[in-house]
Amino acid sequence: MLFRSRDSKRLSKKKRLELFNEIVNVAIDFSIVNIDVQTIDKINILESTFLGMNQCINELKIIPDIYLIDGNRFKSEKKINYKCVIGGDNIYQSIAAASILAKVSRDVKMKNLNHFYPKFSFNGHKGYGTKKHIQEINKYGLSPVHRLSRSEEHTSELQSPCNLVCRLLLEKK
């Protein structure tokens, strides 16, 4: 499983889906967790990220020698060996693959939400704070799946319950 672009957002939708299927078939273990909007509003986005990562770790059936964390920090609930890697999806294929799992899973959830809330066009902007999304919120107000805890400076964090899809993947050595 080798692919050139490590940034899941730079891949075409078709290529991401192809890689998603390949990753699911070859990974020895993986976990995808969704944190709901109410939890994110209650404990904040960073704590929700840590919560999701820990839930992913708890769901794995195979315990790795080290967990590679994409980002600059992590708060583990267990005593585990982990390494935080800024820009990890550009360095480690397993992190890049995990990003693809997360992106495709989130896109599918956004497409499904679009059926319930079509006036918000979730299948287009995927819940990100695009100009169109903000216009829709200004026109229709917030839906039950919008976060209430966003700040005006971070409108790109306007997202649905699936705004946080934590992922963990183990690959064969």
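Q: How many aromatic pairs are there by this rule?
A: Rings of Phe, Tyr and Trp (its six-membered ring) pair if their centres lie within 6.5 Å; planes under 30 degrees apart count as stacked, over 60 as edge-to-face and the rest as tilted. The count here is 4 aromatic pairs. One has ring centres 5.0 Å apart and planes at 90 degrees, so phenylalanine 74 and tyrosine 82 form an edge-to-face pair. This is a predicted model: local features need pLDDT of at least 70, side-chain atom pairs count only at pLDDT 80 or more, and totals for chains, interfaces and linings use all residues. Residues are numbered from 1 along each chain as its sequence is written, and side-chain values use heavy atoms, with hydrogens and water left out.

Q: Is phenylalanine 74 buried or exposed?
A: Buried means under 20% relative accessible area, exposed over 50%, partly exposed in between (1.4 Å probe, protein chains only). Phenylalanine 74, at 8%, is buried. Tyrosine 82, at 32%, is partly exposed.

Q: Which residues do ring pairs link into a cluster?
A: Phe50, Phe74 and Tyr82.

Q: Why is the pair of phenylalanine 120 and phenylalanine 122 stacked?
A: Their ring centres are 5.8 Å apart and their planes are at 20 degrees, so the pair is stacked. Phenylalanine 120 is buried at 2%, and phenylalanine 122 is buried at 0%.

Q: Where does the charged end of arginine 106 sit?
A: A charge sits over a ring if NZ of Lys or CZ of Arg is within 6 Å of the ring centre and within 35 degrees of the ring normal. Arginine 106 has its charged end over the ring of tyrosine 128, 4.5 Å from the centre.
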